[in-house]
Each structure stands twice: as structure tokens, then as C-alpha cells.
Amino acid sequence: MKIILRLFISLIICLSLSGCWSAKELTDITLATALAIDKDENNEYKVTIQVVNPSEVAGDQISSRSSVATYSATGRTMFEAVRKITKISPRKVHLSHLQILVYGEEFAREGIGETLDFLIRDHGFRTDFTIAIAKGLTAEDLVSVLTPLEKIPAQKIASSIESSQDNWAPSKEVLLNELIESVSSEGKDAILTGIYVQGDPDEGKSMQNVESADAPAKVRLDAIGVFSGDKLLGWLNEDQSKGFNYITNNISSTVGWVNCGDGDRTITLEVINSETKIKGSIKNGKPEINLDLNIAVNVADVECSIDLTNTEERNEVEKKLEQKTVDLINDSVSAAKEYESDIFGFGAAIRRSDPQEWKNVKDNWATLFPETDVKANVTVQIEQSGMITTPIYNDIKKKTKEGN
Amino acid sequence: MIIMRQKFKKTSSTNKRDITNISSEYEVNLSNELESNKKEIYRLLGNSSDLVTREFQLGKIRPINARILFLDGLIDKEFIQNYLLNPLINDLRESKSDEKVLDVQELYQFIKDFTITTAELAEIKNFKGLLEHLLAGDTILLIDGIAKGFAVGARGAKERGVEEPTTQKVVRGPKDSFTETISVNIALIRKRIKDPNLWLESFAYGRKTKTKVTIAYIHGIVNPRIVDEVKARLAKIDIDGILESGYIEELIEDETYTPFPTMFNTERPDAVSAALLEGKVAILVDGTPFVLLVPALFVDFFQASEDYYQRSDISSLIRLLRYIAFFLALLTPSVYIALTTFHQEMIPTTLLVSLAAQREGIPFPAFVEALLMEITFELLREAGIRLPTPIGSAISIVGALVLGQAAVDAGIVSATMVIVVSLTAISSFIFPSYSLAISVRMLRFPFMVMAATFGLFGIFIGLIILTLHLTSLRSFGIPYLSPFAPFIAEDQRDAVFRAPRWAQKKRPRLINQRNTRRENAGQPQPDRKG
């Protein structure tokens with residue numbers, strides 16, 4: 001009994017003296033959804049955050065006020081700049097719900113390395129946000145653009161990077177852990193997806209941008225930006241980005257078309273599964289990479305005359321897509337070679353298969369990488385031909401012939 | 001607390017002395033004279049107005065004065081008239097008319113052997129026995145010239161019939177329930193278990209109420225040590241009155257300072273019978289339909305009688321639901337508080353934004369908001385129970401409309417909070433046992449305080465303390481958390497899940513060590529040859 005009484009009293013003391021340590025009511029914090037990092041004229045960090053106005057996003061009565069607001073502050077260090085935002089923001093900024101982190105292109109070219117430590121060290125971040133680069137503009141301008149469909153622009157950007165990665169494959173959702181790993185580890189270089197604003201970014205900041213169906217300023221995804229170390233070097237185009245995703249086994253679904261039959265008629269194939277195996281080795285002092293791709297496709301659209309029940313004709317289509325994919329891959333590899341940036345992780349592949357040899361070459365891997373001999377072996381398998389077997393084009397052609 | 005206890009001890013010992021004095025006064029034997037006996041009875045009962053007496057004469061030739069005494073309302077008057085007064089006055093007169101005159105002693109024996117035709121008849125010699133019988137509702141017959149009397153059992157106090165249980169309802173299963181009369185209750189159990197090994201032992205407790213308390217068990221199944229323990233604890237009871245089995249429960253339970261019940265109470269005869277067959281001891285108390293079952297384990301409070309009448313898969317799922325409901329009822333408000341004030345990063349962004357939108361303009365912190373709504377709900381619930389049924393429904397309308405809708409509209413509480421409180425409330429109604437539901441209701445508040453001060457960390461500290469406490473509890477020597485702690489694999493067949501009947505071959509192990517096998521048939525195998 002005495003013990004219970006003592007325990008009870010000590011519990012009460014604990015509870016009353018601690019005084020709700022580190023409690024933050026929802027009305028005392030503001031949620032940041034996007035964080036933009038630039039450098040200002042004085043070479044200080046310029047941090048811009050996009051915060052949500054919850055009652056405009058999910059409230060009962062929605063007024064014409066903007067659903068997000070952006071605040072920026074500058075500071076010698078990242079953390080200082082982030083804390084300085086409290087001077088402008090009425091509430092403490094809560095960074096745990098960050099959806100996207102955007103670097104300005106200019107900033108990225110100078111190197112993003114110094115920012116990473118704060119991002120991973122600070123307990124306020126959850127490391128599952130997407131990282132991207134504002135292509136051709138400052139990150140601040142990018143996160144200030146309002147989007148018509150999603151009330152929170154950052155959410156729009158994050159979800160469109162994800163969905164385009166899953167369905168079209170020219171972009172890649174890079175999370176903080178992955179970025180840090182590829183920036184710091186050997187045998188692999190980093191990439192980040194680029195985002196740009198189509199139209200005038202200044203117009204995008206006003207409410208007009210969300211009022212019209214065809215917004216004057218649109219946030220669009222671009223292809224992949226190539227890094228060497230922590231510095232942005234340049235950009236891949238859309239096809240090269242897709243080739244990148246083929247090589248790195250990052251395709252869940254995409255679309256490819258090949259010519260078929262007579263002239264410029266096409267058949268479109270939906271990639272439903274793609275498996276890539278990378279094997280690396282050093283032969284005669286030259287790195288050699290063997291890529292094995294197994295691609296499963298469905299027929300999506302036939303605009304030519306073809307008999308899909310005929311094995312030979314199917315094989316021909318498969319061959320064409322195989323060749324096209326090989327071209328895509330080679331194009332992507334040669335672009336990366338130009339930047340001298342091993343974004344595919346070929347170095348890591350060599351290290352895995354031949355650690356001994358890798359030790360000899362790793363110091364001059366940057367110069368050795370452009371000499372890599374990449375052999376891609378692609379196998380395409382048509383799985384299903386869709387709901388119909390004979391193309392409608394056949395009937396149309398027959399009819400026009402009869403008409404003649 | 002300790003000082004208070006000592007005080008209590010002192011007073012109780014003085015009381016004991018008083019009562020022995022009084023009862024020794026009652027030990028006085030009856031006298032030969034009818035009139036002085038009558039006067040003494042009237043004096044002892046303080047001339048109470050419900051004491052009824054009727055004087056009459058026995059025999060025709062040399063009539064002897066006799067008198068019956070009873071307490072109005074406790075006896076069946078018609079029965080007394082037909083089977084006691086009629087034979088005594090009329091039959092005796094006729095049968096005596098042509099025989100020789102008997103002396104008083106012979107007459108007494110004659111009456112006992114041939115005249116009184118009732119089933120229950122007891123001889124009384126002193127005032128103590130006389131008063132016991134009189135107050136219990138028997139009719140006393142005194143004859144002039146004899147220092148003895150008869151107590152005729154013809155109790156007929158108004159009592160409630162066997163009705164449907166009001167607290168533990170079932171969809172499928174027997175619909176009778178215990179009443180306030182202990183003899184009826186015992187009969188309801190006897191009707192179900194026709195075994196000579198169903199043994200009953202009766203005691204009377206309460207210095208003033210003399211309440212009949214009966215313990216029931218099945219000899220050969222029950223662990224005799226538990227029966228001895230029950231009897232030993234009951235023997236220590238020394239109290240003015242026992243009006244409900246709750247009195248007994250508090251006086252003999254293992255641990256008073258716990259929110260959890262360590263004795264199971266039920267008004268269902270089928271539940272009691274099932275418990276007896278498992279080897280438990282039932283404690284029936286006169287005057288209440290609630291029968292106590294010991295030992296009671298934590299899992300017992302999650303088991304409804306109906307679990308055993310429905311198919312095992314269905315009852316297993318429903319039982320699982322009750323365990324989930326236990327945590328919901330206990331933790332929903334505190335988890336809500338913890339997440340919204342400490343761990344915003346754990347809530348999905350979209351949900352958090354909508355929560356934040358609702359909290360805009362709410363003047364209170366989440367904890368105060370939750371406390372406000374929980375207390376309001378407790379008020380409504382308590383009011384709903386006490387009020388007469390028609391007004392009770394009005395209260396629920398007021399509660400739902402005024403407090404739910406208006407509070408949200410007025411911006412005093414957020415809509416999510418109303419959802420949280422409703423979910424908690426619904427979950428707490430799911431338990432088959434009301435006594436556990438109250439515990440959970442109570443424990444919710446400390447958890448809310450813990451959550452408001454330490455967040456999820458506090459909730460986990462609370463849960464750890466709760467688990468430690470539960471493991472330390474015993475019910476008549478049986479660990480409260482068994483069959484989980486200590487873990488008994490065999491008994492898992494009737495814990496969170498209920499295995500089919502044929503798979504529950506053994507009785508619960510800790511409760512029952514001898515004669516453990518209760519089922520022998522094995523899985524039914526229909527003959528597929530035909």
C-alpha cells in the first residue's frame with residue numbers, strides 16, 4: 001500500500017512538473033510542404049518554405065484566400081535561415097510533412113553537398129520527401145507557383161513525379177537517403193528530376209493562376225539532371241532519361257512504339273514489366289558492362305495491318321522494340337559518358353562482381369567510365385494483345401479498297 | 001490510510017462484544033406459558049406493527065390454548081389457513097372428539113406427526129431460533145404448556161418471477177435469469193446440472209440482515225483448496241448487513257486497490273453452470289440476482305455466454321473484436337491527444353491538414369477539448385442509466401444534438417473529437433461484462449493525462465504500468481492474466497479465440513488440476529460410406 005502511494009505521488013509529481021514538455025498544439029504550428037534552397041547575392045543560403053493554410057485546404061468555408069503561403073529568409077547556414085523564418089511566419093514551422101525539397105538550378109550547379117547534413121541530422125525532418133531541381137529558375141520561384149488542381153502545390157509536384165515515374169518513366173523519385181548515398185558512395189553518381197515552370201513564374205504566384213482552366217504558369221516535369229559528386233552538370237533529354245530508368249531497373253510501366261509494316265505506321269506497346277540485370281567486369285583494363293533486360297509488353301494500339309496471331313509477325317515487332325530499347329540505352333549511356341558521370345552505378349556493379357579489380361580502378365574511375373563498353377541484351381515478350389486480335393485498321397483498309 | 005485502518009479495527013472489535021451480549025440474551029429458552037412467550041416476542045421485536053398473531057384452541061373436550069405468529073407479508077396466508085389452521089382447528093377437533101383426552105406432551109407429538117401437513121417443519125426451543133425463523137418468514141406455532149414450538153415453512157413473500165436478463169442479453173441462448181430469491185436461483189442451477197456432486201453450502205452473514213449466502217461447486221471437479229479459501233474468507237465477514245453480492249465481493253476479493261474486477265458477476269444461470277463445470281465456485285447471495293463466480297480471470301470478462309452457443313469461428317471473431325474494443329475504449333482519446341500535440345509527423349499529411357483545419361479557432365488545447373467531451377459523455381451516460389426510460393431517450397437526443405452538433409458548430413470542439421469520443425463510447429459498450437467496462441471507462445482518464453504530458457511515450461509508460469499491475473493480480477490464488485501470463489498453450493483454445501467444442505478437451509488448467517478432461521468425443525466424423 002505504501003509503495004503504491006509513493007508510486008502514485010511520484011507519478012503525479014512527474015506529470016505536473018514536466019508540464020507538457022515539447023507539446024505543440026496543432027494551432028501553434030504551421031505545416032511546411034515544400035522547402036526551396038537557393039543562394040542569394042551575398043552567397044548566403046536563401047531558404048523558402050511553402051506552408052499550408054489548413055482552413056483553405058480542408059475547412060468548411062473556403063474563401064478566396066490562397067491555400068498556401070511562402071516565406072523566405074536568408075542565413076549563413078541552413079538551420080539559421082530556417083529558424084529565421086519565424087520572424088515572418090506567425091507560427092513555428094513544422095518540417096515533418098515536407099513533400100518536396102527543391103534546389104535552384106544555379107545552386108545545384110555550385111553543389112548541394114553542404115545542405116545534406118542538416119537535412120538528415122535534424123530530427124524535424126522525415127526523410128521521405130522527394131528531391132528535385134528547379135530547371136532554369138530559382139527554387140523560390142518554383143515553389144511560389146500555385147497549382148489549379150491540387151490545393152497544395154508541393155503535393156502536386158511530389159505526386160506527379162511519382163506517377164510519371166510509374167507510368168511514363170522519364171523521371172525518378174529520389175528520396176533523401178538515396179541522394180545522400182549516391183552523392184557520397186563510390187561507383188555511382190546522383191541524379192535528380194528537373195522541374196520547370198511553363199509560362200511566367202511571376203504570374204503563377206497570384207490567385208489568377210488557379211482561377212483559369214488553362215493556368216498561365218504551369219509546373220511541369222522535365223527529364224533527369226546529371227550530377228557529378230554534388231554538382232549538377234547538365235540534363236538528359238526525355239528518351240535518355242527513359243534509357244536511364246531501363247538501365248537502373250526502375251521501370252514499372254511505360255509506353256514504347258515501333259514502326260510496323262508499310263511506311264510510318266506504328267504499333268504501340270505498353271511495357272508492363274521490365275527486369276534489368278547489370279553485370280560488370282574489367283577486361284584488359286577496360287570496364288565492360290553487360291545488361292540483360294527482360295521486358296514484358298502488352299499491345300496497346302495497332303495502327304497498321306498486322307496479324308498478331310502470327311508468331312513471325314509478332315517476333316518481328318518484338319525484335320523492333322528490342323532494337324529500339326538498345327538504341328535508347330546506348331543514347332543514354334553516351335550522354336552520361338559525355339558528362340563523365342556514372343549515374344547508372346556501373347562502378348558499383350563492377351565492385352560487386354570483381355572487388356579486387358575495382359580497387360585498382362576506383363581512383364581513376366571518372367576517367368575510365370567514358371571508356372566503358374556497354375553491351376545491352378534486350379528480350380521483349382509480347383504477353384497480351386488486348387481485347388481484340390485483328391486490328392481495326394485492316395477493316396478500314398479493306399473498305400477503302402472496295403470503295404476504290 | 002493506515003491510521004484509518006487501525007481505527008476501523010478498533011471499532012469493529014467493540015461491536016463484536018456488543019453483539020455477543022445481545023445474542024446471549026436471545027439464548028433464553030421458551031417458557032411453558034404461552035402468554036409470557038408471546039409477551040417476550042413482542043418485547044424483542046419492539047411491538048412491531050407487522051407482527052401478526054392469532055390465538056385459537058386445540059381440541060374439543062379440554063381445549064388447549066395455542067397461538068400462531070408470523071410477520072405480515074412474508075408468509076403465504078392461504079397456505080397457512082388451509083394446511084396449518086384448518087387441520088389444527090377443525091381436524092383435531094373432530095378426530096379428538098371420540099378418543100381419550102391426551103396430555104399436552106402427547107398432543108404435541110400428535111400434532112407433529114399427524115396434523116401439520118406442511119413440508120417444512122422445524123422445532124424451536126429458544127428465542128434465538130424462534131426469531132431466526134420468524135424473521136426469515138416462517139410461521140411460529142406455540143402451544144400453551146410446552147416450552148417448545150414449531151416453525152412452519154410457508155414463506156410467501158412477494159417476489160419477482162424469472163425474467164429475461166437485463167444486463168447480459170443474448171441473441172441465441174437461454175433467456176432466463178436469476179431473481180432476488182436464492183432458492184429460485186439454486187433451483188435454476190440444479191435444473192441444469194443434475195449431478196449429486198453439485199454441492200451447496202449455506203451460511204448466513206450480516207449481523208442484522210442474516211442474509212443467506214450459498215456457495216455452490218461441483219465436487220470432484222472443483223479444486224478443494226479454492227473452496228476452502230472461499231469459505232475461509234467468507235468466515236471472516238463480520239458486517240451489519242449484506243444487501244447485494246457486491247458487499248461480499250468487496251469483503252473477500254484479493255485486491256481492493258485495483259480498477260479491475262477479480263470476481264465475475266452474472267445474472268445468467270447458464271453462465272454460472274458453465275463456470276461450475278469448469279471448476280469454479282459460485283457464491284449466491286439472497287436478495288440479488290447477481291451471482292459471484294470465483295476465481296475470475298481477465299479473459300473471463302471478454303467472454304459472453306453466447307460465444308459458446310454460436311459457431312466457433314463467429315465467436316472467435318467477435319471475441320477478437322472485443323479485445324480490439326478494449327484498446328479502443330482505453331486508448332482512442334489519449335492516442336488522439338498524443339498524436340495531435342506531440343507526434344504530428346505520424347499523421348498522414350492530408351489527414352493532418354484536415355485536422356488542423358478543424359482545430360483552427362478551437363480555443364482549448366486538445367487535452368482540455370478531449371476531457372470536456374469525455375466528461376460530458378460520462379454525464380450523459382450516467383444520466384441515461386438513472387433516468388426513467390422515456391426521459392432517458394430524451395437525454396440521448398439532447399446529448400447527440402446539443403452537445404455533438406452544436407458544440408462543433410460553435411467551434412468549441414472539433415468534429416474529429418466528437419468522432420473520437422463516440423468511437424470510445426461505442427467500444428466501451430461492447431464488453432459483455434459491465435464491471436470491466438467501468439474499469440476501462442475510468443482508466444481512460446489517467447491515460448489521457450499521460451498522453452497530454454508525455455505523448456505516446458506517456459501512453460506506453462501507462463501501458464507498461466497497467467500490464468505490470470495486471471500480472472500482479474490474483475483471483476483466489478489464480479494469476480489474473482492466465483492463460484497469457486503464465487502462458488498455457490492448452491488453454492489458448494478458449495482465450496482470445498474459441499476452438500470448436502470438440503477441440504476443447506481439457507478444463508482450464510490453473511483452476512482445475514484433477515479431473516481435467518471434459519470432452520472425449522473428438523471431431524465429428526460423419527459416416528461417408530452410405
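The model is predicted.

Chain B contains 16 helices and 12 strands. Its radius of gyration is 30 Å, well over the 24 Å that the globule rule gives for 530 residues, so chain B is more spread out than a compact globule. Along the principal axes, the C-alpha atoms of chain B fill a box of roughly 105 × 70 × 45 Å. Of the 530 residues, 33% count as buried. Contacts in chain B were also sorted by separation in sequence. Among those between residues at least 6 apart, 66% join residues at least 24 apart.

Three domains divide chain B. Domain 1 covers residues 19–152, domain 2 covers 182–296, and domain 3 covers 312–479. The C-alpha centres of domain 2 and domain 3 of chain B lie 34 Å apart. These two domains touch: 16 residues of domain 2 of chain B are in contact with 14 residues of domain 3 of chain B. On the domain 2 side, the elements that give two or more residues are helix H7 (224–235) and strand S8 (264–266) of chain B. H7(B) gives the most to this side, with three residues. By class, this side of domain 2 has 10 nonpolar, three polar and three charged residues.

Strand S9 of chain B spans residues 281–285. The strand is mostly covered, and five of its five residues are buried. In a regular strand the side chains alternate between the two faces of the sheet. Both faces of S9(B) are covered. B:Val281, B:Ile283 and B:Val285 lie on one side, B:Ala282 and B:Leu284 on the other, and all are buried.

S9(B) pairs with two strands, taken here in turn. Strand S7 of chain B, residues 211–218, pairs with S9(B) in the antiparallel sense over four bridges. Here B:Thr214 stands opposite B:Leu284. Strand S10 of chain B, residues 291–294, also pairs with S9(B) in the antiparallel sense, over three bridges. In this pairing B:Ile283 stands opposite B:Leu292. S9(B) and S10(B) form a hairpin with five residues between them. In the turn, B:Gly287 has a positive phi of about 100°.

Chain A also has a strand hairpin, formed by S12(A) and S13(A). Strand S12 covers residues 266–283 of chain A and strand S13 covers residues 286–302. The two pair in the antiparallel sense over 16 bridges. A:Thr268 has A:Asp301 in S13(A) as its bridge partner. Two residues lie between the strands of the hairpin, and A:Asn284 in the turn has a positive phi of about 55°. S13(A) is also joined to strand S14 of chain A, residues 373–384, by 11 bridges. S13(A) and S14(A) run parallel. A:Asn294 stands opposite A:Thr379 in S14(A).

Helix H11 of chain B, residues 349–359, is mostly covered. Eight of its 11 residues are buried. Among them are B:Leu352, B:Val353, B:Leu355, B:Ala356 and B:Ala357. B:Gln358 and B:Arg359 are buried as well. The buried residues of H11(B) pack against elements of both chains. From chain A these are strand S1 (29–39), strand S2 (45–52) and helix H2 (54–58). From chain B they are helix H10 (312–341) and helix H14 (415–428). B:Gly361 follows H11(B) and has a positive phi, near 85°.

Terms used. Residues are numbered from 1 along each chain as its sequence is written. Chains are lettered from A and ligands numbered from 1 in the order in which they are written. This is a predicted model: local features need pLDDT of at least 70, side-chain atom pairs count only at pLDDT 80 or more; totals for chains, interfaces and linings use all residues. Domain bounds come from an automatic or database domain assignment. Two residues are in contact if their C-beta atoms, placed from the backbone, lie within 7 Å. Ala, Val, Leu, Ile, Met, Phe, Trp, Tyr, Cys and Pro count as nonpolar, Asp, Glu, Lys and Arg as charged, and the others, Gly among them, as polar. A residue is buried if 20 or more other C-beta atoms lie within 10 Å of its own, exposed if 12 or fewer, and partly exposed in between; C-beta atoms are placed from the backbone. Two strands pair if DSSP finds at least two bridges between them. The radius of gyration is taken over C-alpha atoms; the globule rule is 2.2 Å times the number of residues to the power 0.38.
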